[in-house]
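Student: Walk me through this one, please. Keep it quick.

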Amino acid sequence: AFYEYDWDDISKVPELMVEKFRDPHYIHFIAKYILNINLLPFQCVILQTFWEKPFPILIATRGGGKSFLLAVYIVLRMMMHQGCKIAVVGAALRQSMVIFNYVKTIYDNSPILQDICRTHPKRDQHMCHWTCGSSYAVFLPLGTGEKIRGQRANIIVCDEFASVDPEIFETVVRGFAAVKSDGLHENVVAKYKKQITKHLTSSENNNFQ
């Protein structure tokens, strides 16, 4: 917390402020004063989950702001975690473009972010991309997977996960990251099905009692 520091030493104030702006526990503070975005409490919780969990899935109703939150996460991660590379994929470029357009809007509405990054999000014929310092994000269409083989990333954001062909995901997308993830698509789906089944069973037992 801020009160733990010796704020009487004026020379340390810039360093302490930068430290807080890079702390994911202060996402609401960073989003408000850097990105000009006022996040709701549930949105902060979702972003914190993105930060802390290795394979999160965001399930929400239509209009729940899923693509917007993914864009906020991408911008924050690139800004706060310099040197990262993010690959955003969707079954078609249109899906990746939804998140890209949110990223572009956030950038256009934040003078401070523009001063930090200096590079405007750009769209090419087959993909979109954005550079923020030493961080880089690329927005790709999956299609058959042939045109995007060889891409590399530290973080993979998959929009409309249910519409992605499991075979393409396994053979192409999981190869972006240098981690062992055999059967990742099936494992993620199976894990969440198990959690949902457990929750439903627990609810039925409570109702029966």
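Student: Tyr 26: buried or exposed?
Tutor: Tyr 26 counts as buried, at 18% relative accessibility. Buried means under 20% relative accessible area, exposed means over 50%, and partly exposed is in between, with a 1.4 Å probe and protein chains only. This is a predicted model, so local features need pLDDT of at least 70 and side-chain atom pairs count only at pLDDT 80 or more, while totals for chains, interfaces and linings use all residues. Residues are numbered from 1 along each chain as its sequence is written, and side-chain values use heavy atoms, with hydrogens and water left out.

Student: Where is the place of Tyr 26?
Tutor: Tyr 26 sits in the loop between H1 and H2. Helices (H or I, at least four residues) and strands (E, at least two) are DSSP runs, numbered from the N terminus.

Student: How many residues apart are Tyr 26 and Cys 44, and how far apart in space?
Tutor: They are 18 residues apart in sequence and 9.1 Å apart in space, C-alpha to C-alpha. Cys 44 counts as buried too, at 17% relative accessibility.

Student: On to H2. Which residues of helix H2 are buried?
Tutor: H2 covers residues 27–34, and Ile 27, Phe 29, Ile 30, Ala 31 and Ile 34 are buried there. An α-helix has 3.6 residues a turn, so residues three or four places apart point the same way.

Student: What covers the buried residues of H2?
Tutor: The cover includes helix H1 (13–21), helix H3 (41–52), helix H4 (66–80) and helix H6 (111–117).

Student: How do the axes of H2 and H4 cross?
Tutor: The two axes come within 12 Å and cross at roughly 95 degrees. That makes H2 roughly perpendicular to H4. Angles under 35 degrees count as roughly parallel, over 145 as roughly antiparallel, 65 to 115 as roughly perpendicular and the rest as oblique. Axes are lines fitted to C-alpha atoms, for helices over the stretch in contact, and angles run from 0 to 180 degrees between N-to-C directions.

Student: Which residues make that contact?
Tutor: From H2, Ile 27, Ile 30 and Ile 34; from H4, Leu 76, Met 79 and Met 80. Contact means heavy atoms within 4.5 Å. By class, the H2 and H4 contact has 6 nonpolar, no polar and no charged residues. Ala, Val, Leu, Ile, Met, Phe, Trp, Tyr, Cys and Pro count as nonpolar, Asp, Glu, Lys and Arg as charged, and the others, Gly among them, as polar.

Student: Now Gln 43. What does Gln 43 touch?
Tutor: Gln 43 touches Asn 38, Phe 68 and Leu 69, not counting residues up to four places away in sequence. Gln 43 is in helix H3. Gln 43 is buried, at 11% relative accessible area.

Student: Cysteines next. How many disulfides does the count come to?
Tutor: The count comes to 1 disulfide, where a disulfide is a pair of cysteine sulfur atoms within 2.5 Å. Cys 117 is joined to Cys 132, with S to S at 2.3 Å. The link is left-handed, with -50 degrees about the S-S bond. Cys 117 lies in helix H6 and Cys 132 in strand S3 (residues 128–132), so the pair ties together parts that are 15 residues apart in sequence.

Student: Cys 117: buried or exposed?
Tutor: Cys 117 is buried, at 6% relative accessible area. Cys 132 is buried as well, at 1%.
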